[in-house]
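Please walk through the helices and the sheet of the structure shown here.

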Amino acid sequence: MNTANKKQNGRNLSALMRLTSRWSWIVVVVLFTLAVLVERTALGETWLRVFLGKSALNFALRAAVPLTLGALSGVICERSGIINIGIEGMMLAGAFGAFVVKVKTGALPLPISLFLATMTALLVGGVMAYLHALLSIRYKVNQIISGTVIITLATGLTTYFFNPDWISKGKFGDIAIPLLSKIPVLGEVLFSNGLITYMMLILVVALQVLLFHSQWGLRTRAIGEHPRAADTMGINVNRMRYYNTIIGGMLAGLGGAFLVLEAVGQFKEGMTAGRGFISLAAMIFGNWTPVGAFGAALLFGYSQALQNELLLAGVTSVPRHFISMLPYVVTIVAVTGFVGRTRPPAAEGQVYESE
Amino acid sequence: MDTDVVLEVRNITKQFPGVLANDHVSFQLHRGEILALLGENGAGKTTLMNIIYGLYHQDDGEVFIQGESFRALSPRDAITRGVGMVHQHFQLVEPMTVTENIILGSEVMRNKVFLDIDRARLQVDDFSRRYGLEVNPDAVIEDLPVGIQQRVEIIKALYRQAQILILDEPTAVLTPQEIEDLFRVMRHLVEQGHSIIFITHKLKEVLAVAHRIVVMRNGRVVGEALPASSTQGSLASMMVGREVILKVPKGPANPGAVVLDVQNLHVCDERGQTAVKGVTFQVRAGEILGVAGVQGNGQTELVEAVTGLRPLEEGRMILAEKDVSKAPPRRFTEQGSGHIPENRHRYGMVEPYPVSENLVLNCYYTTPFARGWVRDYAAIDAYATHLIELFDVRTPSIATPAGNLSGGNQQKMVVARELGRKIALLVAAQPTRGLDVGSIEFIHGQIVKQRDAGVAVLLVSSELDEIMALADRIIVMYKGEIIGEVDAATATREQLGLLMAGVRPEQAESA
């Protein structure tokens with residue numbers, strides 16, 4: 001009965017995916033056309049500017065960067081069977097690590113300092129993830145608890161060591177890609193960004209391809225669904241889970257680096273502000289696929305952009321509190337509406353022991 | 001050493017907490033041989049195979065593969081030495097395709113990073129053709145029937161150049177026709193020089209396909225036999241260690257009034273799909289109605305509906321002259337219905353509760369076990385003590401958590417609870433699944449005893465032998481419908497097998 005049930009879910013899901021992917025293409029094309037019109041014609045004088053103006057789209061993409069990186073982190077961990085609710089903590093720790101190194105290397109040329117800071121964010125995220133993997137694999141701690149430990153630890157350490165007097169100077173600037181950035185609207189939104197944003201875009205595509213067409217991807221999916229099957233075929237389940245969790249942590253750390261080195265330029269206590277959790281929602285909404293997670297992160301990013309634009313436009317017919325709720329409402333609706341229909345990896349959260 | 005020996009185990013010993021699973025086990029497997037490893041559940045067969053395959057490590061003893069000795073194998077070593085295993089619970093990743101499952105761990109690569117799925121697909125196709133194991137390489141595992149999933153498992157082993165195949169209880173989930181098909185494949189494989197260890201507890205199958213039989217009991221090899229000079233009876237006694245009555249002694253049925261009347265029943269499964277489609281039948285006092293069918297054809301939902309656990313979409317159920325179509329489970333119990341559930345761990349007991357409390361789960365709120373809000377534990381304990389004696393439940397004490405009992409005793413406990421009071425209807429779903437011969441004998445005896453006492457029995461089982469041994473009338477379910485009804489006295493395995501595979505009687509005749 002259980003198998004049959006899952007089977008049906010799978011079918012519903014693939015049908016749903018086909019449908020949503022067709023619809024999402026239509027929606028993308030319509031939105032793109034509208035955006036061009038808003039930019040180039042008198043339509044730009046109307047309320048459509050709030051929804052589809054370049055600033056809204058730019059904001060959406062920027063807001064989506066840490067969410068996507070966090071969601072990719074979740075995808076890599078959870079596809080291998082390790083629940084990662086510690087993304088928030090890994091991101092925060094990564095952000096802090098990047099900030100400290102950025103401040104301490106402030107005397108070096110900016111590109112070198114930024115490079116070192118980014119590497120530190122990856123390292124710190126990876127170390128936090130290693131701790132999570134160690135707790136959940138070696139010590140068989142409940143993975144939700146272990147993830148919570150990571151968050152608490154990151155919040156505590158960053159607050160304790162943070163010195164408000166530290167000032168970081170300079171951040172990743174926008175790099176316009178020749179030719180591509182000249183495409184109306186799309187080019188201006190997509191191809192005139194900071195380095196980490198580009199890295200995120202490349203990672204989405206690369207991880208999608210790797211997950212479904214590489215040896216690593218096949219094995220990762222197998223150990224997240226049915227670790228015993230993989231083990232009987234001679235795959236070292238727990239070792240792969242360590243690797244994946246650490247890679248996932250590095251992605252979350254990169255998300256933190258984005259916040260400090262590309263978006264804000266400084267560190268603030270608790271600056272991730274729940275992005276790690278929204279990443280989790282994006283991962284679920286995106287059905288544990290990199291491209292799906294990116295789509296979901298864009299939606300959540302866009303709802304933040306919309307909130308921002310509506311407030312800037314001085315909309316008064318709706319109390320501002322309701323406008324401020326928008327991103328959260330979208331998240332809740334998306335996740336509750338789809339959560340029963342997406343399918344998590346079957347062995348998620350289960351300790352695997354070969355004997 | 002004999003060069004013909006491809007695998008030998010010598011003095012394998014494996015201790016698990018509380019059980020000696022393998023006690024100095026030794027045997028040899030020859031090239032081109034089907035060796036049956038016969039034994040009851042818990043005899044240590046699976047443990048032994050997991051040691052050979054490297055999933056467990058023995059405490060003592062040696063495994064020789066192609067004459068080479070190993071003390072601690074890993075699955076990877078076993079695979080590279082040509083050992084392949086088809087596990088009782090398939091080791092297949094359900095949302096992935098046949099090809100992906102087959103190449104997992106021995107991937108066909110385009111370069112260092114990417115898979116070459118196209119080439120892999122061709123290889124899989126090639127293998128399935130060469131060994132007569134037809135399968136679509138692009139099908140997703142969870143969409144395939146179990147018979148085909150098993151083929152995928154076999155191809156998986158052959159794909160890794162397995163010379164020695166271990167099949168762990170391969171027939172448990174198959175229809176009689178699928179079993180025949182599997183035997184055909186097995187014979188074909190040994191003709192090509194492969195060797196097979198066939199693990200089972202089914203005597204008929206051993207006699208049908210094995211070249212040689214090794215019998216295990218309580219972790220020890222108790223004997224070896226050749227099919228030509230064995231009978232089911234002789235093998236059963238060797239396996240159990242005493243004389244076993246294989247045939248359930250039962251006289252002719254004496255059906256009385258209708259106890260359960262089911263009319264046009266429609267039931268949905270978990271995902272909201274109709275699993276039972278317009279089923280109508282009656283069960284009379286003093287008869288056993290057997291429901292046969294391959295697992296997953298609506299039997300589970302049917303049982304849940306007639307015990308009140310699952311709402312009806314349509315139809316009516318009359319239990320002891322009361323309409324219970326919309327009644328909650330407790331009303332079924334109070335109307336005199338007993339239920340031996342399919343999944344005893346999940347629906348039959350509360351594992352951490354003591355045996356005594358488990359024994360009153362269906363009546364704890366009635367006198368004498370309850371006085372208002374308070375349980376009378378003296379009464380409960382007295383009743384429990386009485387029941388475990390009556391039903392021969394072997395437990396250290398009535399305070400032992402039910403989860404600590406052996407499978408057979410857990411099931412006896414469930415049976416004791418359900419049959420310990422006067423009932424009019426007994427719904428028994430897979431009542432002997434996973435039990436040892438002794439417990440099966442006991443439970444079968446109890447079911448027949450209930451029938452003779454005038455209880456209406458609805459017996460659902462995917463074990464054809466069980467249905468044929470116990471039932472007075474047999475209905476066969478296929479895709480949620482009753483595809484046919486046969487008189488148990490005249491039914492044959494072939495006839496039932498065809499019905500289970502969905503061939504209607506009229507089709508069978510015209511073909």
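A crossing of two helices is called left-handed if the near helix is turned anticlockwise from the far one by less than a right angle, and right-handed if clockwise. The model to which this applies is a predicted one.

In chain A, α4(A) passes α6(A) in a left-handed crossing. Helix α4 covers residues 87-104 and helix α6 residues 143-161; they pack at an angle of about 25°, with their axes 7 Å apart. Angles under 35 degrees count as roughly parallel, so α4(A) is roughly parallel to α6(A). On the α4(A) side the contact is made by Glu88(A), Gly89(A), Met90(A), Leu92(A), Ala93(A) and Phe96(A). From α6(A) come Ile150(A), Ile151(A), Leu153(A), Ala154(A), Thr155(A) and Thr158(A). Eight of the residues in this contact are nonpolar, three are polar and one is charged.

Helix α5 of chain A, residues 110-138, has 29 residues. From its first C-alpha to its last it reaches 41 Å, close to the 42 Å expected at 1.5 Å a residue. Just after α5(A), Lys140(A) has a positive phi of about 55°.

Chain B holds an open sheet of four strands in the order β2-β1-β4-β5, with antiparallel pairing. Strands β2 (19-30) and β5 (68-70) of chain B are at the edges with a single partner strand each, so one side of each has no neighbour in the sheet. The twist from one strand to the next averages 20°. Within the sheet, β1 (residues 5-16) and β4 (residues 60-65) of chain B pair in the antiparallel sense over five bridges. Thr13(B) stands opposite Asp60(B) in β4(B). Helix α1 (residues 45-52) of chain B lies across β1, β2 and β4 of chain B and runs at about 120° to β1(B).

Technical notes: Residues numbered from 1 in each chain as written. Chains lettered and ligands numbered in written order. Predicted model: local features only at pLDDT ≥ 70, side-chain atom pairs only at ≥ 80, totals over all residues. Helix = DSSP H or I, 4+ residues; strand = E, 2+ residues; numbered from the N terminus. Expected span 1.5 Å × (residues − 1). Pairing = 2+ DSSP bridges. Axes fitted to C-alpha atoms, helices over the stretch in contact; angles between N-to-C directions. Contact = placed C-beta atoms within 7 Å. Parallel < 35°, antiparallel > 145°, perpendicular 65-115°, else oblique. Nonpolar A, V, L, I, M, F, W, Y, C, P; charged D, E, K, R; others polar.
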